[in-house]
Amino acid sequence: MATILVIDDDELVSRTLQRALKMYDYQVMTANSGIEGLQLARRHRPDLFILDIMMPGVDGYQVCRQIRGDPLLNDLPVLFLTAKAKDEDKIEGFRAGADDYLIKPFELPELDARLRALLRRASGDVAATVLRVGDLEFDTGTLRARRAGQPITLTPIGMKLLMALMKGSPRVLDRRSLEREAWGDIVPDSDALRSHLYNLRKAIDKPFDRPLLQNVTGIGYRLAESDDE
């Protein structure tokens with residue numbers, strides 16, 4: 001039974017979600033602030049986070065960034081469940097490190113489907129192998145990435161995208177192929193892929209002299225050491 005940590009300052013929302021998710025066979029913990037949620041997560045390490053954004057003090061974006069920066073938690077899926085529906089809110093959520101974003105009000109069967117998809121991807125069995133493109137390495141068994149010997153921290157969706165791009169290198173993968181690798185048949189809006197690729201590029205290319213992740217205009221993306229491969 002998967003354990004989900006709901007972090008939302010609205011106690012009524014938290015209790016309602018807890019009751020509903022238990023009917024779908026999840027174990028649910030709740031926290032009413034970002035700080036309380038992070039403390040609870042470090043003690044008990046849930047399988048997945050559901051975060052609200054609008055919380056006093058430490059908001060959901062900050063909580064998500066702290067999760068991604070914590071070596072004990074950074075591999076866990078994060079879903080934002082929020083009333084903030086503007087495109088810029090979604091982009092900020094994905095850039096903070098979220099794996100999915102669902103707007104309130106929502107239907108419980110859709111939430112359940114998204115949670116199960118995130119959990120499947122997080123725990124999927126992958127034959128262990130080390131993928132290499134230039135000085136970038138990704139171990140599909142340990143899910144650890146390194147470039148030029150330096151460890152790289154990635155979100156679960158970032159790992160899925162990197163694995164697909166490295167397996168396909170130097171071929172170009174179109175947007176639909178990448179979305180399918182990251183989310184299966186339940187695809188968020190079009191900003192999700194762009195935001196996750198932005199985060200991936202920042203992680204694997206920004207600290208280094210030579211970029212590997214390339215945008216092929218009008219077609220898709222690829223990982224390669226040079227433009228002319």
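User: In which sense do strand β3 and strand β4 pair?
Analyst: They pair in the parallel sense, over three bridges. β3 covers residues 48-51 and β4 covers residues 78-82. Strands pair here if DSSP finds at least two bridges between them. This is a predicted model: local features need pLDDT of at least 70, side-chain atom pairs count only at pLDDT 80 or more, and totals for chains, interfaces and linings use all residues. Residues are numbered from 1 along each chain as its sequence is written, and side-chain values use heavy atoms, without hydrogens or water.

User: Which residue in β4 is the bridge partner of Ile50?
Analyst: Leu79 is its partner.

User: What is the order of the strands in that open sheet of five?
Analyst: The order is β2-β1-β3-β4-β5, and the pairing is parallel. Helices (H or I, at least four residues) and strands (E, at least two) are DSSP runs, numbered from the N terminus.

User: Which strands stand at the edges?
Analyst: β2 (27-31) and β5 (100-103). Each has a single partner strand, so one side of each is left without a neighbour in the sheet. From one strand to the next, the twist averages 20 degrees. Axes are lines fitted to C-alpha atoms, for helices over the stretch in contact, and angles run from 0 to 180 degrees between N-to-C directions.

User: Which strands does helix α3 lie across?
Analyst: Helix α3 (residues 60-68) lies across β1 (3-7), β3 and β4. It runs at about 175 degrees to β4. Contact means heavy atoms within 4.5 Å.

User: New topic. What order does the open sheet of four strands have?
Analyst: β6-β7-β8-β9, with antiparallel pairing. The edge strands are β6 and β9 (150-152), and each pairs on one side only. The average twist is 25 degrees from one strand to the next.

User: How many bridges join β6 to β7?
Analyst: Four. β6 is residues 130-133, and the two strands run antiparallel. Val130 stands opposite Asp139 in β7. The two strands form a hairpin with two residues between them. Gly134 in its turn has a positive phi of about 60 degrees.

User: And how many residues are between β7 and β8 in their hairpin?
Analyst: Four. Leu143 in that turn also has a positive phi, about 60 degrees. β7 and β8 (residues 144-147) pair in the antiparallel sense over four bridges. Leu136 has Arg147 as its bridge partner in β8.

User: Which side chains along β7 are buried?
Analyst: Leu136 and Phe138, which point to one face. Buried means under 20% relative accessible area, exposed over 50%, and partly exposed in between (1.4 Å probe, protein chains only).

User: Which residues have the most contacts inside the largest nonpolar core?
Analyst: Phe49, Leu51, Leu162, Leu165, Leu200, Ile204 and Leu223, in a core of 53 residues. Helix α6 (residues 156-168) gives the most to this core: eight residues. Such a core is a set of buried Ala, Val, Leu, Ile, Met, Phe, Trp, Tyr and Cys residues joined through side-chain atoms within 4.5 Å. Apart from it lies another core, of 16 residues, among them Ile50 and Leu79.

User: What is Leu162 in contact with?
Analyst: Leu136, Phe138, Ala145, Leu154, Leu200, Ile204 and Leu223, leaving aside neighbours within four places in sequence.

User: Which strands does α6 lie across?
Analyst: β6, β7 and β8. α6 runs at about 115 degrees to β7.

User: At what angle do the axes of α6 and α7 cross?
Analyst: At roughly 130 degrees, and they come within 8 Å. α7 is residues 175-183. The two helices are therefore oblique to each other. Angles under 35 degrees count as roughly parallel, over 145 as roughly antiparallel, 65 to 115 as roughly perpendicular and the rest as oblique.

User: Where does Leu197 lie?
Analyst: In helix α8 (residues 190-204). Leu197 is buried, with a relative accessible area of 2%. It touches Leu161, Leu165, Leu213 and Tyr221, not counting residues up to four places away in sequence.

User: Last one. Is Asp112 buried or exposed?
Analyst: Asp112 counts as buried, at 11% relative accessibility. Its place is in helix α5 (residues 108-123). Leaving aside neighbours within four places in sequence, Asp112 is in contact with Tyr24 and Tyr26.
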